[in-house]
Every structure is written in C-alpha cells, then in structure tokens.
Amino acid sequence: MTHRTIHLFNKGLRLHDNPSLLAAMESSAAVYPVYVLDRQLMAASAHIGPLRWRFILQSLEDLHSSLQERGSRLHVLQGPYLDVVRHLVARWGITQISFDSEVEPHCVQLEAGLRGLAGELGLSIISCVAHTLYDVKRIIKTNDGKPPLTYKKFLHVLSFLGEPDKPARDITTADFQKCLTPRQDGDDEKDRVPTFEELGLEVEPEVLWPGGESHALKRLEQHFQSQGWVANFSKPRTIPNSLLPSTTGLSPYLSLGCLSVRTFYHRLSSIYAQSKNHSLPPVSLQGQVLWREFFYTVASATPNFTKMEGNPICLQIGWYDNQEALQKWKRGQTGFPWIDAIMTQLRQEGWIHHLARHAVACFLTRGDLWISWEEGMKVRRRVEWSVGGIFTALCVQVFEEYLLDADYSINAGNWMWLSASAFFHHYTRIFCPVRFGRRTDPEGQYLRKYLPVLKNFPSKYIYEPWNAPEEVQLQAGCVIGKDYPLPMVSHQEVSERNLELMKQVRSEQGNTAELTRDVADDPMEIGAKRHAQEEGPGADESAGRSCSSAASSRKRCSSGGEHGGRACSWTPEAVRLPEISSEVM
C-alpha cells in the first residue's frame, strides 16, 4: 500500500460495487476521490438540460455525504479534464490513477487521454468495467469479433459466457481508516459541488427524482419488498399514462451509475431462484437489463451508431425536413392530446414511461410526420472539444436534454428501433395517437395533469377535443384551434402514405434490413403470443397480424379537424412491443 491515488468518478457515482475504487484503496496509502466537472466536455458528449444537471449535482452531493460518513470526502473541480488531473497529480504527489472503463465514444477518448497522461507522468493505472454486466469486448470476441445484432443472437452469445461477475463488496469506514483521504490537502471552498446558481441553472423546486446512490438503494429496497411483483414483472403490462411510475423508476440511477447494474441483476437472480414461475426475458426485469447490455454492445462496435449516414446497420431513408412540424412535436403542440401530454411530462419531469416514448417516437418518424429519428435526438447545433489532442464534433440531442436517464447507446438504439430503421421489422404496426392512451386511461387523468388547458373537457372528448361540439368547448373554457391547436395531420392519411414509403425503402434495402433480423422466431413475437394466450381470445385483435393502416383495422379513432372519424392503425394492445427504451426499468 504505497501509492497515492486519485480515483476519478465519472459514472459509477456510488460506493457499492465499485471495483476500481476498491482496488485503488487496497493498493494505496492515500486515496483522493475526485470528480472533474468539465462543462465543455460534458456539453460535447450530450446536451444536458436543467433537470439532468440537478440530478447530477444531487448525486455528487449524495456521494460526498456518503464519503464524509466514512471519513473521506469528494473533491469536485471544474476545468479542462486533463489539465485538472495534471494539476492534482503535482499538488498531491500522486503515483496512481483509477477510473471505470466505459464504452461511450467520448469516454473511450477520455480514457485514451488519461492513459497518455499517465504514461507521460509515470503513473500506474487501475481500470475496471463496472457500468455494464459484462466487458462488451468479451462479448464481441466470443461472437467472432463482431457485435451480435439481434437480441436472440446476443442471448446465445451470453450463454457461452455464463453469469455476470458478482458485485464488488461495499466500501466501508474501515477501508478509509486503512487508506486515508488527507483532508488538509483539499480546499473546502473550491473543491465542492457547485450550486445550481453557480452553473447558471434555473429549475423548479419540486424534485420527483432525487439524485444519488442513497435514493437509488432506497427505491431498490422498496420494490424488492414485494418479491411477487418482482418475479412476475412483465414490462408490456405496465401502464404508460399512470400518474405515478408503474415500473421501478430505476433507470436514471442506472444511467448515471448511482445503482450498480450487477447489483440489480444478481438481486433479481436471488428472487427468481425462490420462485417456481417467474417472468422471462425479454419482458422480465432481468430482460430489461439485458436489453441495455445488448445496445451497449452493438453501439460499442458499430460506426456512426447515433447517425443514419455511415451507419452500416441503419436503413438510409429520405426523411422530410420540416422544422415547423419538428418544433410543434418538441413543444407538445401537435394537436393530439396524448402526444402533447407525453412531451409536456418529458420537459417538466425528465422521465416518461417506455410505451409513451414509443408513442412520441413513432409519431415523429414512420407513424405520422416522417421526420428523421436523428431529429428526435439532436438539437440544431454542434459543439466541439478536444481531449489529449483528439478533436471531436458531436450532435447534441433533444431526448438527452430532457431525460434524466439519457444514455448514448440505448437512446440511439431506441430511435432506430421505433423508426423501423433497424432492429424492429414489424413496421406495419403504427401507434394510434388517440386510442393508445385512451385504452389505459379512459378518463384522461394523465391528460388533465399535463395539459390543464383540456382539464374541463368531458372524458368522451378529451382525447379528441376537436370533435367536441362548440358549446362543449366553450363550457370547457378551451376552443380548439384557438386555445389548443387542431391536429397537425390526418393520422389515417399520413400513416397510409408513410407505410407505402417504408415498404419501398425496405424492398430496396433488404440486405441492410436483414442484418438486424433473427432468422428464427423473434423472441418478441414468442412473448407476444404467450401473452395473448394467457389473456385469452380477443385480448388483442392485432396480435399476430399486421394492422397496416386504417383501412385494414376495425378499430376506430378520430384523427382531427375535418378528418374526424378516421380509422386507426395499430393500438396497444401495443403492449406487445418489446421494451428497448432508455427507461429500461
């Protein structure tokens, strides 16, 4: 134990299952926990909105408190990442640095910069994989050096690797008694977590998702008190428009590493071992974790994974360039209350249910507006940064701006899936922007909360307020077309047009489409058939068949304005779609 070590937190803001920090403490006489807040680097990798900034800062405060309880502290320093580390090495007489190894492009480049700096300064390095279940390089190596491009193939590869490593033990006060953090070497005023005001942030005082490891573990324990709920959890059966999350709500904590994915996975395994009958992947809670791992693996070895152009697994589609329509979607002004309520919740709270994400993504892309999935991710600006002389330009993203659980690989994977650009091949299934929400919330309580302008509409009309008689609109205090917009499109007409466009694209680019299609039965379809059998005949008229357009469906929904009374495309009974969202839990 001769080293003086800086442990660099990035993700992995926790003291449970932190193998890099644990190894650093076992080899060091002194360890300095450090978080470098490089705003230029962070802005280059993702567009971080105020809600996510608050979540990050709260997580840092929570980590600092946990370290203080154990006789240590967190040093938070602002500035260019490598310059800060170089300064601290000289300031504290450092001989070793430790950090988690991650797969996102900016993390890979940052790690290369750190390794170069360590070589220059003669520092030892400790680096462990802790943000994923497996080392994704090992998965790719097992698959003959290529990423498995289907979920079924991915599970097959994992069968050769066995179970993920068990979590590292928790770090305790006793560890810091053996390996001190010299408190006199810190500057309490300069090395602290900055305030919202110091970062120029304005955010509402209400906190629905407090950041930090302690909150993550508390939420985990609350859910695991009901072992039956955990064992029988089936993601498609959760409710997208419940006023409180019908899932675990752990995805923001997994995204930032406040909760270890290995801890979560193995806790689930222990419950499954005690249950004779439990849900299975892909719809089980463990299945959700494996979807996360799948997209991390594919993203790590696919060029231009967050783009259409230059992405070898993504269909090249001539999407429309319609900035006016894009802004209406982003601001929640489409005229479809279900879509607009979802986008409002996203802006206000930073979280939406995975099926709600499906609905708004499908509406933007192949369902209604035929706007690129990249536009659903990116904001119209580019930022540039340099790490260790490596110059990079990245697009920043709409969902990354708003989502607390924004995640590079899962976010991009979602958008390709839901736009039917890759991974998802039942493209004839299109979400109805009216019937989808009404099915699970017929009284419209979700709409009344997030679209208060419509709160006085009778339930009969709240999903289709344009169909309400004038006297009903006046009585509700909201005239459609004046106080709330008319629907921006006729859902029937545009969905039929888009379906034909997608058929043409896929007929011309069949080889690309086949890259991410399983040659055998799709595990999603197997799951869909199982659910249909369990729920009995008639539970889902659209399961097992394509519902390509209004004309082919017996289900009806209005689509707005003079086009009221149109028939609707596929509706959820769409609970059959797999979970592939950032909101994995």
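The structure holds zero disulfides, a disulfide being a pair of cysteine sulfur atoms within 2.5 Å. The model is a predicted one, in which local features need pLDDT of at least 70 and side-chain atom pairs count only at pLDDT 80 or more, while totals for chains, interfaces and linings use all residues. Residues are numbered from 1 along each chain as its sequence is written, and side-chain values use heavy atoms, with hydrogens and water left out.

C128 is partly exposed, because its relative accessible area is 23%, and C478 counts as buried because its relative accessibility is 0%.

The structure holds 21 aromatic pairs, for which rings of Phe, Tyr and Trp (its six-membered ring) must have centres within 6.5 Å, with planes under 30 degrees apart counting as stacked, over 60 as edge-to-face and the rest as tilted. One of them joins Y151 and W291, which are stacked at 3.9 Å centre to centre with 15 degrees between the planes. This pair links distant parts of the chain, since Y151 belongs to helix α7 (residues 151–161) and W291 to helix α13 (residues 285–300), 140 residues apart; helices (H or I, at least four residues) and strands (E, at least two) are DSSP runs, numbered from the N terminus. Y151 counts as buried because its relative accessibility is 4%, and W291 is buried because its relative accessible area is 2%. W291 also pairs with W417, edge-to-face, at 5.2 Å centre to centre and 85 degrees between the planes. Here too distant parts of the chain are linked, W291 in helix α13 and W417 in helix α19 (residues 408–418) being 126 residues apart. Y151, W291 and W417 belong to one aromatic cluster that also includes F154, F294, F295, F423 and F424.

The remaining stop is strand β1 (residues 3–9), which is mostly covered, five of its seven residues being buried. Seven bridges join β1 to strand β2 (residues 28–37), and the two run parallel; strands pair if DSSP finds at least two bridges between them. Within this pairing, H3 has S28 of β2 as its bridge partner. Four bridges join β1 to strand β4 (residues 96–100), again running parallel, and in β4 the bridge partner of L8 is F99.

Methods:
Buried < 20%, exposed > 50% of the residue type's maximum accessible area, 1.4 Å probe, protein only.
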